[in-house]
Amino acid sequence: MSMRMTTLVLLAIAIGAAVRAGAGRQADDARDAMNLGRTHDQALYDAFNAGYRLTPSGVVDSVEVVTEFRRAVLLVREHALKGEYSFTANDLTSALAPYRGQVTLIAQVRLHPLNTYATPPKYDLYVRTGPQSKPVAAPSIKRDPVYALGSAGPGNTIVAVRLEASFPRADVMSATEPTLVLTDEHGSPLWQTRIDLTRFR
C-alpha cells in the first residue's frame with residue numbers, strides 16, 4: 001500500500017471515529033434530555049433551569065440561556081405535561097433540527113411605569129466579541145409585550161418587553177471577549193455581561 005493510500009485510510013478511520021463519537025454524544029444528550037424532561041422531581045427540574053440564568057440588574061428583570069440541550073429538555077417537558085409520552089428520541093431530534101448550532105438568549109426588561117408605548121420598543125440584544133472584531137448579531141429579534149397581571153392585551157400599558165434572539169454558537173464561542181449587550185431603542189446600553197458558553201451543556 002502506498003504512503004498516500006495509507007494516509008487516506010487513516011484519515012477515513014479518524015473521520016469515522018469522530019462521526020461515531022459525535023453520534024454517541026447526541027444519543028447520550030437525547031437520553032438525558034428525555035429523562036430530565038420527564039422527571040417527577042420538580043426541585044431537580046427547577047435547579048436545572050436555574051443554572052441557565054444570568055445575573056440581571058437595573059431595569060433588566062431576567063436573562064437566560066437556551067442551549068440545544070436545554071431546548072431538548074424543555075421540548076420533552078412540554079410534551080410530558082400534555083401527557084404525550086409517545087414523543088420519542090427520534091421525534092426530539094426532528095424537533096431540534098431548526099436549532100442546531102444555535103444558542104438562544106432571552107431577556108425581560110422593565111419599562112418606565114408611565115411609558116406610552118403602544119407596541120414593544122425596538123430594544124436590541126447582541127454579542128460583542130472584542131475591541132477589534134465585529135459583534136455577533138441575531139438574524140432577527142423577537143420582541144413580545146409584557147402586561148401587568150389582569151390587564152393583558154391592546155389598549156393596556158406595557159410594563160416590560162421580552163426579547164428573544166438566537167446566535168450561531170460557534171461565533172460566540174470563538175470570540176475573544178464574548179459579552180452579551182442589551183440596548184434601548186436609541187442604542188444606549190442598558191445592561192451587559194461576559195458570557196461563557198462552556199459553562200452550559
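**Loop contacts, core and pocket of the predicted chain**

Apart from residues within four places of it in sequence, Tyr85 is in contact with Arg38, His40 and Ala80, where contact means that heavy atoms lie within 4.5 Å. The structure is a predicted model, in which local features need pLDDT of at least 70 and side-chain atom pairs count only at pLDDT 80 or more, while totals for chains, interfaces and linings use all residues. Residues are numbered from 1 along each chain as its sequence is written, and side-chain values use heavy atoms, with hydrogens and water left out.

The secondary structure of the chain consists of 5 helices and 9 strands. Helices (H or I, at least four residues) and strands (E, at least two) are DSSP runs, numbered from the N terminus. Read from the N terminus, the order of the elements is α-α-β-β-α-α-β-β-β-β-β-α-β-β. The chain has 201 residues, of which 34% count as buried. Buried means under 20% relative accessible area, exposed means over 50%, and partly exposed covers the range in between, with a 1.4 Å probe and protein chains only. Of the contacts between residues at least 6 apart in sequence, 67% join residues at least 24 apart.

Two residues of the loop between α3 and α4 were examined. Tyr85 is placed in this loop, between α3 (68–81) and α4 (89–96). Tyr85 is partly exposed, because its relative accessible area is 44%. With a relative accessible area of 10%, Phe87 is buried. Beyond four places in sequence, Phe87 touches Met34, Arg38, Val76, His79 and Leu92. Phe87 and Met34 are 53 residues apart in sequence, and their C-alpha atoms are 9.2 Å apart.

A further loop residue, Asn156, is located between β6 (141–147) and β7 (158–168). Asn156 is partly exposed, at 33% relative accessible area. When residues up to four places away are not counted, Asn156 touches Tyr147 and Ser151. From C-alpha to C-alpha, Asn156 and Thr116 are 9.8 Å apart, with a sequence separation of 40 residues.

The largest nonpolar core comprises 41 residues. A nonpolar core is a set of buried Ala, Val, Leu, Ile, Met, Phe, Trp, Tyr and Cys residues joined through side-chain atoms within 4.5 Å. The residues with the most contacts inside this core are Val65, Leu92, Leu105, Leu125, Phe167, Leu180 and Leu182. For Val65, the residues in contact beyond four places in sequence are Tyr52, Leu54, Arg70, Val103, Thr104, Leu105, Ile195, Leu197 and Phe200.

One of these, Thr104, is in strand β3, which spans residues 102–110. Thr104 counts as buried, because its relative accessibility is 1%. Its side chain makes a polar contact of 2.7 Å with the side chain of Arg71. A polar contact is a pair of N or O atoms within 3.5 Å; within protein, one must be able to donate a hydrogen and the other to accept it, and residues adjacent in sequence count only if both atoms are side-chain atoms. Not counting residues up to four places away, Thr104 touches Glu64, Val65, Val66, Arg71, Glu164, Ala165 and Ser166.

The second largest pocket has a volume of about 160 Å³. On a 1 Å grid over the protein atoms alone, a pocket is an open set of points with protein on both sides within 12 Å along at least five of seven lines, and lining residues have an atom within 4 Å of a point. Grid points are joined across faces, edges and corners, and the volume is the space filled by probe spheres set on the points. The lining of this second largest pocket is formed by Glu64, Val66, Arg71, Leu74, Leu75, Glu78, Ile106, Arg162 and Glu164. Two or more lining residues come from each of β2 (60–66), α3 and β7. The largest share, 4 residues, is given by α3. By class, the lining holds 4 nonpolar, no polar and 5 charged residues; Ala, Val, Leu, Ile, Met, Phe, Trp, Tyr, Cys and Pro count as nonpolar, Asp, Glu, Lys and Arg as charged, and the others, Gly among them, as polar.

Among the lining residues is Arg162, which is found in strand β7. Arg162 is partly exposed, at 27% relative accessible area. The side chain of Arg162 makes a polar contact with that of Glu164, at 3.1 Å. Beyond four places in sequence, Arg162 touches Ile106, Ala107, Gln108, Lys142, Arg143, Asp144 and Val146. The C-alpha atoms of Arg162 and Lys142 are 7.9 Å apart, and the two residues are 20 apart in sequence.

Conventions. 1 Å grid on protein atoms, 1.4 Å probe; cavity = no way out; pocket = protein on both sides within 12 Å on 5 of 7 lines; lining within 4 Å.
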